[in-house]
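Please look at the sequence and the structure shown here before reading on. The report below turns to backbone angles and to aromatic rings.

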Amino acid sequence: MKYMPTVIPKDIDKYFYDREKYITQINTNLEMLKIDIANQFLITGYRGVGKTALTKKIISNQSDEFLTTYIDISKIFAKKKGKPSEEEILKEILKKINETLIKRVNILERTKDLILNSINKLKLKNYKFESNASILDIPLPDIEDNYNKLSEFVMELPQKIVDSNKNIKGYIIVIDEFQLIQFVENPEAFFWLIRSYTQEQYNVSYIFTGSVSKTAEIINMINGQTGAFGGRMMQIDLKPFTKEETKTYIEKYSNNIKFDEDGFNQFYNCTRGIPAYINSFCNILPNNEICTPEILKTKLLLNIDQIAILWLDVWGKLSENEKEIIKLLIEKNQLSWTEILDQTGYSKATVSKYIALLNNKGIIEFNNKKYVLTDRMLKTWLKNKEKMDGQYPE
């Protein structure tokens, strides 16, 4: 029996479908690391559209000439009750670089001496050292002592690793869920920090990826004309599958799911070609009958929590103010900024703050001078919960 994965599988190649044009575009530009040209990337798209799968596919298939490190910013947030600091993000980057080096330690003997020399220099700057943090068994400096020196150490390290190993031509660093960086004390300065080092690094490429609206403030902060990278990043908006791609994908990976014409049209309207929804919806459909619109509607409403599972955690982490704005958009379909201000009764500053947060999280977007929800599945899930339980989820 075939099962369509609802999480990123260990064997990414087994379940990966299409996206060849994106892979070719990104790999062609990553290859330029070999001639000392480092391109930087920003990959955005709807939640569940396959950004993480795409980046993991890309880095897993790189040759041994490239080192790759993957950092998931959401994991840092999951560990923290409050907002993480810039120092904690830098420490996570170091941790992941360490994991990369351990996997390749046999060909990176010179790197250990390089790091040790760098840390010895830091010791002269009154750094304290922690017993539980290390890179290649070398103790790391206490991150709270000197942010400037810590950031210099972390940001310069990837290029130094490449420079010290003639068999390594480039270092690729993926920063997933980058939009969560907005919650550090000064996100704009943090992006400028990264930018300042990439200007002088010719063999290090960063790939930032996240579920954000194309109109999100954080997009301008990192790659707008006045942002840190000033429009120089290669910006890719990962699109959902087309109808034809969705049909072929289901034929290849599902457990013989069949539709009549109206059923498939409804299925596509519900999932919008987003792989996460396609997979979870197909897993609850019968494989021994033709799926009609009636069957789809029944299965969808009975299993909406399973199909919209990626929203359960997101909803639970939203503030009451954010939830209130979402509820209004469900009821009214679309609202202008002024209409949201009038109907919530919030102050102008409060409305601006939470509109920006929802936009940066990819939950709402600005379209034709109105704010709308970006995801119909979120709307369907919330409306169904309100109908069945008499109230929206807590």
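What follows describes a predicted model, beginning with the backbone and then moving to the rings.

**Positive phi angles**

Arg272 has a positive phi of about 55° although it is not a glycine, and its place is in the loop between helix 11 (261-271) and helix 12 (275-282). With a relative accessibility of 13%, Arg272 counts as buried, because the limit for that class is under 20%. Lys369, likewise a residue other than glycine, has a positive phi near 65° and is placed in the loop between strand 10 (364-367) and strand 11 (370-373). Lys369 counts as exposed, at 69% relative accessibility.

**Aromatic rings**

How many aromatic pairs does a search of the whole structure find? The search finds 17 aromatic pairs. Phe178 and Phe208 form a pair that is edge-to-face, with 6.2 Å from centre to centre and 75° between the planes. Phe178 lies in the loop between strand 5 (170-176) and helix 8 (187-198), whereas Phe208 lies in strand 6 (residues 204-210), so the pair ties together parts that are 30 residues apart in sequence. Both Phe178 and Phe208 are buried. Elsewhere, ring pairs link Tyr15, Tyr17, Phe241, Tyr249 and Tyr253 into a cluster.

**Charges over rings**

| Lysine | Ring | Distance to ring centre |
|---|---|---|
| Lys56 | Tyr70 | 4.7 Å |
| Lys247 | Phe264 | 4.9 Å |

For Lys56, the charged end sits over the ring of Tyr70, while Lys247 lies over the face of Phe264.

Technical notes. Residues numbered from 1 in each chain as written. Predicted model: local features only at pLDDT ≥ 70, side-chain atom pairs only at ≥ 80, totals over all residues. Heavy atoms only, no water. Helix = DSSP H or I, 4+ residues; strand = E, 2+ residues; numbered from the N terminus. Buried < 20%, exposed > 50% of the residue type's maximum accessible area, 1.4 Å probe, protein only. Phe/Tyr/Trp six-rings, centres within 6.5 Å; stacked < 30°, edge-to-face > 60°. Lys NZ or Arg CZ within 6 Å of the ring centre and 35° of its normal.
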